[in-house]
Amino acid sequence: MNPFFIVGSVRSGTTMLRLMLDHHPRISCFGEFEYAVDLLDDPNSWPSGKRYAIWLAHERRFRASNLTVDSYGSYPEIANKMFTEQLARSKKTLTVGGAAVHRHFERLPRLWPDAKFIYLYRDPRDVAKSCVQLGWAGNVWTGRQFWLTAEESWKKLSQNLNSHQRMEVCNEELVRNPVAQLTEVTRFLGEEYSPEMLTYHKTSTYEPPDIKLLDQWKKKLSQREIQLVEAGIQEQIMTRGYILSAYPPLNLGRLDYLKLKLHDKLGKQRYAVQRYGFSLQTSDFLARKLGLSRLAEKLALQKQAIDQQFIK
């Protein structure tokens, strides 16, 4: 069974699509599989299995998966075993199995050269807004970087794939016309559409597709925030089929970039204090700055436990 991967920026709707596919009677799809490729930063070598196992022991997503690792295996063997174990948890008779990956997904073909890839994209103004709401960015200027990075990763990945290995899906079209879009997706995967795919909201915390939730940026972003997201990437936005706002383009200078960087840092710190509390956040910051590795690791695990409570 050749795998498939849903790839795209965070906050682009990948979880919704993953849940839809996972509710197909013959398809299984799990999420947050970034830890399969995060260490593959050198395209000419593989990290040792031992190093990979040690790294995984401290990785939040891996820890939440409750998977096991044999440190005597090679990197590809460990990654493949994790993928297989995840799919084995399904009680269905599977014809197709996959996972969702949000970063470094251009590295996936090193492990699975025959895999299929579904790139899900969303309006960057909504992606940026959502990233700020979750504390992943302190402002929309930084929040848009998640979208830009995903676009660059997809460009690198797709140019090395055969046409039968790649597919692009627009989030907004998936929400407006879920049956038509899912029919195309399942056909791409060699399966047929099933109405059960749209029952995912009955067994998850995610709501059914709702067109009222589209284009939230028009209501919730200020004029300057919209201009910040669009600054310098107007052509990329239009290439994806989105219409630019009527606001004039911003001309940002060096001082503007410095202010945005500081604003982003302060915004993320405020969010972190709200989520973890002043004491835990401050202790974690000092432990890392002072090189107190054991204490930093203990505090990081405490923060990961808090993060886990907010995962849908």
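A salt bridge is a side-chain nitrogen of Lys or Arg within 4 Å of a carboxyl oxygen of Asp or Glu. Keep that cut-off in mind as you look at this predicted model.

Start with Arg144. This residue sits in helix H7, which spans residues 140-158. Arg144 is buried, yet it has no salt bridge. The nearest side chain of opposite charge belongs to Glu230, and it is 8.9 Å away. A salt bridge needs a distance within 4 Å. What, then, lies 2.9 Å from a polar atom of the Arg144 side chain? It is the backbone oxygen of Val229. Now look at the wider surroundings. Setting aside neighbours within four places in sequence, Arg144 is in contact with Ala128, Leu228, Val229, Glu230, Ala231 and Ile233.

Next, move to helix H2, residues 49-56. Which of its residues are buried? They are Gly49, Tyr52, Ala53 and Leu56. Look down the axis of H2: the buried residues fall within an arc of 100°, so they line one face of the helix. Other parts of the chain cover these buried residues, including helix H3 (60-65) and helix H4 (75-88). Then turn to the face of H2 that points away from the buried side. That face carries Lys50 and Ile54, which are exposed.

Finish at Leu258, in helix H13, residues 254-276. Is this residue buried or exposed? Leu258 is exposed, because its relative accessible area is 52% and exposed means over 50%. Now find Thr239, 19 residues from Leu258 along the chain. The C-alpha atoms of Leu258 and Thr239 are separated by 29 Å.

Conventions:
Residues are numbered from 1 along each chain as its sequence is written. This is a predicted model: local features need pLDDT of at least 70, side-chain atom pairs count only at pLDDT 80 or more; totals for chains, interfaces and linings use all residues. Side-chain values use heavy atoms; hydrogens and water are left out. Helices (H or I, at least four residues) and strands (E, at least two) are DSSP runs, numbered from the N terminus. Buried means under 20% relative accessible area, exposed over 50%, partly exposed in between (1.4 Å probe, protein chains only). Lys and Arg count as positive and Asp and Glu as negative; His and the chain ends are not counted. A polar contact is a pair of N or O atoms within 3.5 Å; within protein, one must be able to donate a hydrogen and the other to accept it, and residues adjacent in sequence count only if both atoms are side-chain atoms. Contact means heavy atoms within 4.5 Å. The arc is that of the directions from the helix axis to the C-beta atoms.
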